[in-house]
Amino acid sequence: MSGTKPSNTPLAALRQGLTRAASYNAGLHIRDLHGAPPTPNEDYTTPVEIVTPEGKRLLIKNTGIVHTISHKNCVPTESALRLVATLFYNPSQSLVTADGEEISVEKHDVNFGPYVSDMAMFEFTQTVDELLVPWKKWGTNHRCLDSAERPKVMEISLSMPEMLQLNELRRHTSLWHFERKWNVELVLQENNIFRRYKRLAVFDMDSTLIEQEVIDEIAKFLGVEDQVSSITARAMNGEIDFTESLRQRVTLLKGVPSTVFQELKSVITFAPGVRELCRVLKTLGYKLAVLSGGFVPLAEYVKEQLSFDYAHANNLVVSEDGKFLTGELCGPIVHAERKALLLEEIAKENGIALEQTMAIGDGANDLLMMKKAGIGIAFNAKPSVQVAAPTRLNSETMLDVLYILGFTKEEIQALLAVSN
């Protein structure tokens, strides 16, 4: 829409809907659908003169751009697509049964190629359609988040079955079979405003932010690594109580030099994509916290390295001369219940709704905080944890978490560019 000098052109083309928009000097022609009667024999190639609400007369020229306002009274209709599924193509995913048993199968690309194909998308929507009882009219739409031609990450919005809760749908055998057939992992979420606009992310530390289990590394100093690792594995799989397992393992560390934490910093490696993800989340304004069943010295180190806002972990008692670990703990134990409580407290302290929080971990003691958060992600987790967690993702990089939040590859690259 462009304004020129007033002329004597008749006002036959004056229409109520156009007068509201005419004060903006832009190359845009609006075809009014607000209820005003159409102008007989409209000729969009001929400039027309209108009067603005201020009484100014403007000549409007058609530039060929058409904006159609088709919804009644400019009120957007409520969307019925209340479910969003993020499909990750992942032929190397850890295959886990509904009972939490890890299975070994031959990995191969499906016939339609190593990506989320149109046929996979079609079968997914068909699978969900069979769960829509009672049946009703519904629609879908999708976005290829990384590549339009050979997408490895696709987002599909669709209707939520009325007879199933989200946690039930996530564990439905029909969807597990779909994942196996198409080499896909599904992340299902409510399609609401909180999905993309989160403000707090909390992380487990060992085997999540970092690749090591710190207590196992300490055990190497005393030659009790096998004993400690065995207890650790049972605790992470939920086979024994975390607090009791922690005390058993810490007892085995009696006599380790107190300088062990300083030495461990040189061998600690961050998981792929962790630094990049945390930089992006900070750029987006997130508060970040590490909630660890490990130990304070290394949790503080991780906090410093990743520019976190909070670090909570367990305290080991040091001998009176400050030289050795005593094999004892002091202070509150950061177990599953405390992690969930800390998530809630940090969110409340910062005025953040729980719907706007995200929790990422890999062990059984992370499940409560995952379930309390707006989105909980079992990342490269133990098989039993993958089954019990709200969502799971097996990936080579934690940066893929951004796809779950709805960001495209281009948006992720733009965020990385400004977060360096």
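I worked on a predicted model, where local features need pLDDT of at least 70, side-chain atom pairs count only at pLDDT 80 or more, and totals for chains, interfaces and linings use all residues. Residues are numbered from 1 along each chain as its sequence is written, and side-chain values use heavy atoms, with hydrogens and water left out.

I noted a space of about 470 Å³ for the largest pocket. A pocket is an open set of points on a 1 Å grid over the protein atoms alone where a 1.4 Å probe fits, with protein on both sides within 12 Å along at least five of seven lines; lining residues have an atom within 4 Å of a point.

I found 21 lining residues there, with Tyr-89, Lys-152, Ser-395, Glu-396 and Asp-400 nearest the centre. Helix H16 (409–419) and strand E5 (83–89) each supply at least two residues, and H16 gives the most, three. Helices (H or I, at least four residues) and strands (E, at least two) are DSSP runs, numbered from the N terminus.

I then turned to the second largest pocket, with about 400 Å³ of space. Its lining comprises 22 residues, and Leu-166, Arg-170, Glu-190, Ala-373 and Gly-374 lie nearest its centre. Elements giving two or more residues to this lining include helix H3 (166–170) and strand E8 (184–190). Domain 1 and domain 2 both contribute lining residues, so the second largest pocket lies between them.

Notes:
Points joined across faces, edges and corners; volume = space filled by probe spheres on them. Domains from an automatic or database assignment.
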